[in-house]
Amino acid sequence: MSDIPEGLKYTEEHEYVRETEAADEFVVGITDYAQGELGDVVFVELPSPGDSFARMDVFGTIEAVKAVSDLYSPLSGEVVAINEALNDDPALVNSDPYGEGWMVRIRARDMSELDVLLSDTDYSGHIEA
Amino acid sequence: MSFVPHSDADRREMFAKVGVSDMRELYSDVPDSLIQKGLPEMPDALSEWEAVRAIQEMASQNHSLVCFAGAGQYDHFVPAAVDHLIRRSEFYTAYTPYQPEVSQGTLQVIYEFQTMVCELTGMDVANASMYDGPSAAAEAAVMARAVTRRDRVLAAGSLNPHYRKVTDTYLRGQGSELQGIPTGPDGLLDRDALAKALGDDVACLIVQYPNFFGVVEEIEPLAELAQKAGALLVVVADPVTLGLLRSPGELGADIVVAEGQPFGNPLSFGGPVVGLFAAKQKYVRKMPGRIVGATVDVEDRRGYVLTLQTREQQIRRDKATSNICTNQGLNALAATIHLALLGREGLREVAEVSARNAHYARGKLEALDGVELVYPDAPFVREFAVKTTENSRAILERGFSAGILAGVSLSRFPSLGAPDGLLLAFTEKRNQEEIDRLVDVIAG
């Protein structure tokens with residue numbers, strides 16, 4: 001059973017959104033379920049701080065041994081930080097997807113977009129479906 | 001199991017399944033006016049011997065000329081060992097391996113090929129080969145757009161017009177196009193014009209080294225200009241001249257492509273050939289084509305694998321880095337064997353003899369009336385352009401009668417904006433006597 005923490009928001013494309021101490025900034029990564037499906041992550045291609053994305057734009061790619069997947073931005077906004085540690089150790093996405101395996105920190109442009117994201121129970125239902 | 005595809009019974013079954021009565025109905029979108037009715041004037045069937053004789057008669061109409069034509073493909077000597085080795089049955093396939101890891105020998109050769117391409121170009125990583133030089137240049141432009149996420153592509157006006165055309169075709173498919181940067185009166189790319197054309201939407205500058213007129217471009221300042229503007233520098237190289245010139249990698253290129261034909265692949269009315277493609281390590285995940293990597297197996301023995309396949313079309317579909325997911329296996333093998341036979345010193349000698357021949361010819365041609373160098377002060381290695389007061393096509397005709405292919409007519413390439421004349425190329429196969437005959441042909 002994969003780990004789906006309460007209190008986070010999710011997308012159907014298996015990204016999670018975590019609140020931060022700043023009201024309009026959110027940390028984005030991929031879920032435990034997603035990393036399990038991908039297998040050993042060998043490379044994560046991230047955007048540069050300052051890049052802007054609309055909701056569900058591709059903000060990067062994640063490469064496992066057998067597949068490469070796009071990463072979708074759950075929110076519209078600007079990238080304020082990226083997880084540089086993934087350059088040296090992309091396997092952090094496997095070992096700690098919700099912690100050290102985070103990907104980008106986004107300053108949201110439209111807070112109402114949070115409402116269309118899935119709750120942990122919605123997401124749990126989504127991956128079981 | 002029968003290996004006959006599409007028997008009448010199969011067709012009937014398929015027609016019934018999709019709900020059409022016959023082939024014509026299946027292709028009902030094609031108007032009647034475009035349908036060919038019967039084959040036009042096909043001769044009767046021939047016996048094997050009759051067919052051989054007919055083909056030999058056709059082949060005997062080919063002319064064997066002493067070749068001073070280049071413009072991208074060059075008449076170098078290919079040692080007999082190349083042909084002998086590539087015909088070994090373990091190697092003799094034109095195709096990239098599709099169950100690659102069982103073909104360790106093939107993968108090892110490709111790995112050696114990549115290593116040689118890296119050493120030659122001064123780059124970090126090379127792929128298993130492209131179709132040819134022009135498609136390699138086009139792929140480099142596409143890759144630069146992906147790396148920079150920028151739109152515009154600039155190319156030196158002195159880029160081979162065929163390369164320009166192929167690259168432009170690729171780019172139009174992506175909603176972009178090529179913009180030319182003029183050549184200055186010294187035969188080098190006009191840096192002021194370049195500085196004006198650069199901007200924050202430029203993905204790359206493509207420059208040829210030496211350029212189409214044989215002139216050795218100064219790569220370093222171009223790399224600086226392009227990179228300062230956030231664009232990549234793509235260098236299209238004549239790989240033989242790299243035996244003498246500093247490598248594009250050393251001079252700051254981000255991507256280097258080349259026509260690999262001079263290595264192991266004889267001129268054969270235009271092909272088949274092999275494209276070389278190399279880049280800086282940091283761009284490896286955006287590189288098109290196949291890449292062979294070395295690894296170790298469970299018992300710590302060295303082995304080879306196709307690496308980074310996840311970016312390729314059979315896996316990433318429409319999101320693949322490129323449409324190419326094959327390589328020019330047999331041609332790359334021929335290039336590898338030829339380069340291995342030459343070695344570093346051998347390649348330098350080939351380039352030196354070619355350059356010596358070119359410079360000897362230049363001295364003779366300069367003395368002729370009605371012949372002038374297009375760029376008299378420009379440095380060149382083994383190819384240069386002359387303008388001729390006589391129509392260049394008339395000179396070529398005269399050469400043809402004398403068994404000499406006297407270069408390539410510049411009038412074939414109106415887009416260059418060059419005067420009428422000849423582009424002349426020299427290889428280690430030419431000797432003084434042949435060059436003197438060329439000079440006689442041009443003198444008239």
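Modeller: A crossing of helices is left-handed if the near helix is turned anticlockwise from the far one by less than a right angle, and right-handed if clockwise. This is a predicted model, in which local features need pLDDT of at least 70, side-chain atom pairs count only at pLDDT 80 or more, and totals for chains, interfaces and linings use all residues. Residues are numbered from 1 along each chain as its sequence is written, and chains are lettered from A in the order in which they are written.

Biologist: What is the handedness of the crossing of α11(B) and α13(B)?

Modeller: The crossing of α11(B) and α13(B) is right-handed, which means that the near helix is turned clockwise from the far one. Helix α11 (residues 329-366) and helix α13 (residues 432-443) of chain B pack at about 35°, with axes 10 Å apart; axes are lines fitted to C-alpha atoms over the stretch in contact, and angles run from 0 to 180 degrees between N-to-C directions.

Biologist: Which residues in α11(B) meet residues in α13(B)?

Modeller: B:Asn357, B:Tyr360, B:Ala361, B:Lys364 and B:Leu365 in α11(B) meet B:Gln432, B:Ile435, B:Leu438, B:Val439 and B:Ile442 in α13(B), a contact being two C-beta atoms, placed from the backbone, within 7 Å.

Biologist: Why is chain A called as compact as a globular protein of that length?

Modeller: Its radius of gyration is 13 Å, close to the 14 Å that the globule rule gives for 129 residues, so chain A is as compact as a globular protein of that length; the radius is taken over C-alpha atoms, and the rule is 2.2 Å times the number of residues to the power 0.38.

Biologist: How many residues of chain A are in contact with chain B?

Modeller: Seven residues of chain A are in contact with six of chain B.

Key. Helix = DSSP H or I, 4+ residues; strand = E, 2+ residues; numbered from the N terminus.
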